[in-house]
Amino acid sequence: MSHIDMCASHDLSREDAQSAADQLAGDLANKFDINWGWSGDHIHFERTGVDGTITVREHEIRITARLGMLLIFLKPRIEEEITTYLAEHFGCTFS
């Protein structure tokens with residue numbers, strides 16, 4: 001099993017950051033048939049081979065995921081897509 005742990009800084013309001021995370025989760029659900037839902041300021045997502053959380057804070061979005069054996073080789077591509085998506089659509093910078 002492999003893990004993704006990415007943290008992005010943003011200048012969005014909390015509401016806009018939650019909207020950004022909501023759009024990201026919706027896009028992932030459409031592309032990869034992922035089930036997801038909000039619990040407080042966390043989005044939990046899962047499907048066969050992956051599960052994780054998107055946490056939205058005042059100036060930070062943190063994405064964590066556990067990848068199953070079949071997705072380990074896609075980890076760099078998944079991280080790249082997350083980085084690109086948040087940078088392009090929401091002006092996030094990653095630490």
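The model is predicted, so local features need pLDDT of at least 70 and side-chain atom pairs count only at pLDDT 80 or more, whereas totals for chains, interfaces and linings use all residues. Residues are numbered from 1 along each chain as its sequence is written, and side-chain values use heavy atoms, with hydrogens and water left out.

Select residues 35–39 and 42–47, which are strands E2 and E3 (strands are DSSP runs of E with at least two residues, helices runs of H or I with at least four, numbered from the N terminus). E2 and E3 pair in the antiparallel sense over 5 bridges, where pairing requires that DSSP finds at least two bridges between the strands. Gly 37 has His 44 of E3 as its bridge partner, and in the turn of this hairpin, which has 2 residues between its strands, Gly 40 shows a positive phi of about 65°.

Next, select Leu 24, Phe 45, Ile 54, Ile 63, Leu 86, Phe 90 and Cys 92, the residues with the most contacts inside the largest nonpolar core, which has 23 residues (a set of buried Ala, Val, Leu, Ile, Met, Phe, Trp, Tyr and Cys residues joined through side-chain atoms within 4.5 Å). Helix H1 gives the largest share of this core, 5 residues.

Finally, select helix H2 (75–90), in which Ile 82, Tyr 85, Leu 86 and Phe 90 are buried (under 20% relative accessible area; exposed is over 50%, partly exposed in between, with a 1.4 Å probe and protein chains only). On the other side of H2, Pro 76, Arg 77, Glu 80 and Glu 88 are exposed. Just after H2, Gly 91 takes a positive phi of about 65°.
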